[in-house]
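Me: I am new to this structure and would like to learn how to read a few of its features. Could you take me through them slowly?

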Amino acid sequence: TGDQRAIGIETARRLNMGTDILGNEIWGDMQNHDTVGGRTLGEIVESVNGFAGVYPEHKFKIVESLQQRGHFVGMTGDGVND
């Protein structure tokens, strides 16, 4: 979600999707590197329940990393940037 992390956590909790939601800090860490803490974006995406505070270009990277790992991905949005 592009919403704040607290909103993402609460929304995911209410939908029983888990509450391990990363904030936008990951994108600063990945800006000049392909990994964070020795893990690729694909590994990180598969290990968490969601992301918050992301921009459309981040959403694209998340979807692309899942597709590269063999996942079928669907996405919906409520704004013009989704």
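Me: Is L66 buried or exposed?

Reply: Burial is judged by relative accessible area, where buried means under 20%, exposed over 50% and partly exposed in between, with a 1.4 Å probe and protein chains only. L66 has a relative accessible area of 19% and therefore counts as buried. Keep in mind that this is a predicted model, in which local features need pLDDT of at least 70 and side-chain atom pairs count only at pLDDT 80 or more, while totals for chains, interfaces and linings use all residues. Residues are numbered from 1 along each chain as its sequence is written, and side-chain values use heavy atoms, with hydrogens and water left out.

Me: Where is L66 found, and which residues does L66 touch?

Reply: Helices are DSSP runs of H or I with at least four residues, strands are runs of E with at least two, and both are numbered from the N terminus. L66 is found in helix α4, residues 56-68. Contact means heavy atoms within 4.5 Å, and, not counting residues up to four places away in sequence, L66 touches V45, E46, H71 and V73.

Me: What about S65, buried or exposed?

Reply: S65, also found in helix α4, is buried at 5% relative accessibility. Leaving out residues up to four places away in sequence, S65 touches L41, G42 and V45.

Me: How is an aromatic pair described?

Reply: The distance of the ring centres and the angle of the planes describe it. Rings of Phe, Tyr and Trp (its six-membered ring) pair if their centres lie within 6.5 Å, and planes under 30 degrees apart count as stacked, over 60 as edge-to-face and the rest as tilted. The count here comes to 1 aromatic pair: W27 and F51 are tilted, at 6.0 Å centre to centre and 40 degrees between the planes. W27 lies in helix α2 (residues 25-30) and F51 in strand β4 (residues 50-51), so the pair ties together parts that are 24 residues apart in sequence.
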